[in-house]
Amino acid sequence: QMSRGEILMNNSCVSCHDVRPIQMQAMDKDGWTALVESMIEKGAKLEKNDVPVLVEYLTEEHGPLPNGAGKAILLDVCTHCHDLHRVRDHGATREEWEDLLVHMIGEGAELSDDDFPVLLNYLTRNFRPTQQ
């Protein structure tokens, strides 16, 4: 079942443009708030009291990522199938990330040989296993 935020995104954002630009933003709450408000000024249909709900959803699903080499690759390749919270919540060792990337390539991810080590290093550096 879709959350209220996802319903708002589908009705207010995706009614004018594809979801792809949303998937590639990786902004924090302030960034999403500014963008949503600018879209309302351009004519997006969204009630003022729905703005916080939409911003919360966008921040959770398409929220910020650490800067660094690999971020753009992640946004371009991984977000074709996955929301960012899935990546942010998946801590793994280097070996686990490598196995996962190989598996994703087998599933159709368009990750080039040149981009593979850059993305692997980015994921390993920024998304480690959580300490128990």
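Good morning, colleagues. I begin with Glu 98, which is found in helix H7, covering residues 94-106. Helices here are DSSP runs of H or I with at least four residues, strands are E runs of at least two, and both are numbered from the N terminus. Please bear in mind that this is a predicted model, in which local features need pLDDT of at least 70, side-chain atom pairs count only at pLDDT 80 or more, and totals for chains, interfaces and linings use all residues. Residues are numbered from 1 along each chain as its sequence is written, and side-chain values use heavy atoms, with hydrogens and water left out.

Let me stay with Glu 98. Its relative accessible area is 36%, so it is classed as partly exposed. The classes are buried for under 20% relative accessible area, exposed for over 50%, and partly exposed in between, with a 1.4 Å probe and protein chains only. Together with Glu 95, Glu 96 and Asp 99, Glu 98 forms a negative surface patch. Patch members have over 30% relative accessible area and no salt bridge; like charges are joined within 9 Å, and nonpolar side chains (Val, Leu, Ile, Met, Phe, Trp, Tyr) within 5 Å.

Helix H7 also holds Ile 105. With a relative accessible area of 33%, Ile 105 is therefore partly exposed.

I turn now to the overall fold. How many helices and strands does the protein chain have? The secondary structure comes to 8 helices and 0 strands. Along the principal axes, the C-alpha atoms fill a box of roughly 45 × 35 × 30 Å. Of the 132 residues in the chain, 36% count as buried.

Tyr 122 counts as buried because its relative accessibility is 0%. Tyr 122 and Ile 73 are 49 residues apart in sequence, yet 9.5 Å apart in space, C-alpha to C-alpha.

What of charge pairing? Side chains of opposite charge can pair when their charged atoms come close. The structure holds 1 salt bridge, meaning a side-chain nitrogen of Lys or Arg within 4 Å of a carboxyl oxygen of Asp or Glu. Asp 50 forms it with Arg 4, and their closest N and O atoms are 3.3 Å apart. The pair links distant parts of the chain, 46 residues apart: Asp 50 is in the loop between H3 and helix H4 (51-62), and Arg 4 is in helix H1 (residues 4-13). Asp 50 counts as buried at 12% relative accessibility, whereas Arg 4 is partly exposed at 46%.

Finally, consider the loop between helix H2 (20-23) and helix H3 (29-41), where Ala 26 is found. Most residues other than glycine have a negative phi. Ala 26, although not a glycine, has a positive phi of about 55 degrees. Ala 26 is buried, because its relative accessible area is 7%. Thank you for your attention.

Terms used:
Accessible areas come from the Shrake-Rupley method with a 1.4 Å probe; for residues, only the protein chains shown count as cover. Lys and Arg count as positive and Asp and Glu as negative; His and the chain ends are not counted. The place of a charge is taken as NZ of Lys, CZ of Arg, CG of Asp or CD of Glu.
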